[in-house]
Amino acid sequence: MKPLHHLAALLALAFTLTPFAHAAPADDIAPRVAACVACHGREGAASSTAYFPRLAGKPAGYLFNQLVSFRDGRRFNSDMTHLVQHLSDDYLREIAGYFAALDLPYPPISDRTDASTATLARGKTLAQEGDAARKIPACVQCHGATLTGVQPGIPALVGLPRLYLSSQLGAWLTDDRHALAPDCMAQVGRKLTTTDINAVASWLALQPMPADPKPLAALPGPLPLPCSAMPK
């Protein structure tokens, strides 16, 4: 779809997200999230090669926090801001809960990459071990040993396209993305270099989905940093 046609379709579908739409019964949310599916794929299950992240199966708390951040200006994307700027917390929780409850298969992960062996090795080290000298915790310390996320507020890092991963890590580095305090990812992201970001995003994008791709119920130990995404 050409970008202009895509934008027109998105804006038309945005009406289905407004609290004033009457196209579907109030208890039937699926038609009301059609605008989300227009970008994020069938029922929010984007492919691993698309730019847009997968929504299906992510922790509801994480999805809700991101929707609120787009609405309240802590994250910025013109399309997302347009869609959610007038929605209430209750409506955003309903949207988050809908996508979190979806249990859809993940597409096969491509093993094609232009990253060098050294780059992938660096990415693996950052993901699994971190960098103690620079006080960078390993991704697995927060996102779980299988990197599938943790309830209620930490997302998966596997099953996502490299471009999306690198852009979001870069947004923490450049101070273009924020969360409520304590903003743990801002503390980590500002310590990363562009080389680090390319390495970890390249490695993560190649990782196969585990047999159980669902977020963990809890981490085996405490988080390395205080984080607003996870209640005490």
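Residues are numbered from 1 along each chain as its sequence is written, and side-chain values use heavy atoms, with hydrogens and water left out. Because the model is predicted, local features need pLDDT of at least 70 and side-chain atom pairs count only at pLDDT 80 or more, whereas totals for chains, interfaces and linings use all residues.

**Cavity**

A cavity is a set of points, on a 1 Å grid over the protein atoms alone, where a 1.4 Å probe fits but cannot get out; lining residues have an atom within 4 Å of a point. Grid points are joined across faces, edges and corners, and a volume is the space filled by probe spheres set on the points. The count comes to one cavity of 30 Å³ or more, and the largest cavity has a volume of about 40 Å³. Its lining consists of Arg54, Ala56, Lys58, Tyr106, Ala156, Val158, Gly159 and Leu160. These residues divide into five nonpolar, one polar and two charged, where Ala, Val, Leu, Ile, Met, Phe, Trp, Tyr, Cys and Pro count as nonpolar, Asp, Glu, Lys and Arg as charged, and the others, Gly among them, as polar.

Two of the lining residues, Arg54 and Tyr106, also meet in a further arrangement: Arg54 lies over the face of Tyr106, at 3.6 Å from the ring centre. The criterion is that NZ of Lys or CZ of Arg is within 6 Å of the ring centre and within 35 degrees of the ring normal.

**Aromatic pairs**

The structure holds three aromatic pairs. Rings of Phe, Tyr and Trp (its six-membered ring) pair if their centres lie within 6.5 Å; planes under 30 degrees apart count as stacked, over 60 as edge-to-face and the rest as tilted. Two of the pairs are tabulated here.

| Pair | Centre to centre | Angle between planes | Class |
|---|---|---|---|
| Tyr51 and Phe52 | 5.8 Å | 75 degrees | edge-to-face |
| Tyr98 and Phe99 | 5.0 Å | 75 degrees | edge-to-face |

Tyr51 is partly exposed at 34%, as is Phe52 at 31%. Tyr98 is buried at 18%, and Phe99 is buried at 2%. Ring pairs also link Tyr51, Phe52 and Tyr164 into a cluster.

**Ser202**

Ser202 is placed in helix H10 (residues 194–206); helices are DSSP runs (H or I, at least four residues), numbered from the N terminus. With a relative accessibility of 1%, Ser202 is buried. A polar atom of the Ser202 side chain lies 2.6 Å from the backbone oxygen of Asn198.

Definitions and conventions
On a 1 Å grid over the protein atoms alone, a cavity is a set of points where a 1.4 Å probe fits but cannot get out, and a pocket is an open set with protein on both sides within 12 Å along at least five of seven lines; lining residues have an atom within 4 Å of a point. Buried means under 20% relative accessible area, exposed over 50%, partly exposed in between (1.4 Å probe, protein chains only). Helices (H or I, at least four residues) and strands (E, at least two) are DSSP runs, numbered from the N terminus. A polar contact is a pair of N or O atoms within 3.5 Å; within protein, one must be able to donate a hydrogen and the other to accept it, and residues adjacent in sequence count only if both atoms are side-chain atoms.
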